[in-house]
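Please look over the model below before reading my points.

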Amino acid sequence: MALKCGKAPKVSQTKKLAEKINFKPAETLDEAVTFGKNNLGIQNYRGFETADKDVVNYANEAFVNVSNKMNGNTNLPKYLEFRNFEGGYAATTTDGGIVLNKDFFLNIDRELAGRLSVLEKQGVLIRNMENQIGVSEFIDEAYAKDILKHIERYNKGEISTFKDKMYLYNYFDEALQVGSAPFNSPLKSIKAILNNNEAVKVLNSKGILTDIAQIEKLSPKEQVSLFKKMIKDGNLPVVFGEGAGKNVSPFHAIYHEVGHLNDNIVSGAWLNQTDKQIAGLVSNYAQSAPREFVAETYAKLIVGKKLPDEVLALYKKLNGPTVI
């Protein structure tokens, strides 16, 4: 699951910032706070102690990235707060500000261990009889090697800075998304299989349903079952994640929250399963509600992530913030 974030009331606080802000990590907490106030229009930094300087630098760098991407035309938080809150979220947006979860950020190694555990539970990572970690056979070979490389570097202690660990957290989160996306959006996965004439012949010979009109009438749960049957009983060489792992950002949680500060969508549930399945192509969390889909999509657009056409169309339909 992607970094979870809370819900936010709408605010209107667009302030024209400099088109290009140069960022350099501050040497002290006071310098980091002063930078944010003078360059980003953030009025107040709450709850940060001297030892939290790297967290403030991390957040400021993320805000600078967004502002520069938008040539200074963006909503940024009026305050940044550091405190514990329930729910396990990394960040939340409230009353026009952003709150970072102190427990999450100060225990990033615990969170990384949690991501790896979930990857195993979901079958993306697999342990052999010798307790060695491997990657599911359904994951693209090049991507699988990249995942194992990242795990090896982390286990060797080669990933040590807070920012690098946040990158790794989001990298593992994307690996989880790659492994689960076909099941979050089963209809798209099924259609991809049915576009292969040879695969259709195999499925028909085994009596597995291939009539798309009938398949579209199935519930999402039934579509997932059918997709699994196509792979297993049809013995199809299906792989996921080709080209994945690119444009992963350590700042995803911040970008997501800034997306909330800039969206124009009213809170509510999905009105149809088609749109909800499209949201599943972005992330698990994007499926939870239209507002979260918009914020998740915004965060990926900020870093130049290439997204499917149907995702972009839904983002536009929901009036997602324009990203240059």
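1. Basis. This is a predicted model, in which local features need pLDDT of at least 70, side-chain atom pairs count only at pLDDT 80 or more, and totals for chains, interfaces and linings use all residues. Residues are numbered from 1 along each chain as its sequence is written, and side-chain values use heavy atoms, with hydrogens and water left out.

2. Strand S6. Helices (H or I, at least four residues) and strands (E, at least two) are DSSP runs, numbered from the N terminus. Strand S6 spans residues 97–101, and five of the five are buried, so the rest of the structure largely encloses it. Buried means under 20% relative accessible area, exposed over 50%, partly exposed in between (1.4 Å probe, protein chains only).

3. Two faces. In a regular strand the side chains alternate between the two faces of the sheet. From S6, Gly97, Val99 and Asn101 point one way, Ile98 and Leu100 the other, and all are buried.

4. Neighbours. Strands pair if DSSP finds at least two bridges between them. S4 (residues 79–83) runs parallel to S6, with four bridges. Phe82 stands opposite Leu100. S5 (residues 91–94) runs antiparallel to S6, also with four bridges. Thr92 has Val99 as its bridge partner.

5. Hairpin. Two residues lie between S5 and S6. Asp95 takes a positive phi there, near 55°.

6. Helix H2. H2 (residues 53–69) has 17 residues and reaches 24 Å from first C-alpha to last, close to the 24 Å expected at 1.5 Å a residue. That expected span is 1.5 Å times one less than the number of residues. Of the 17 residues of H2, 13 are buried, so the helix is largely enclosed by the rest of the structure. Asn71 follows H2 and has a positive phi, near 55°.
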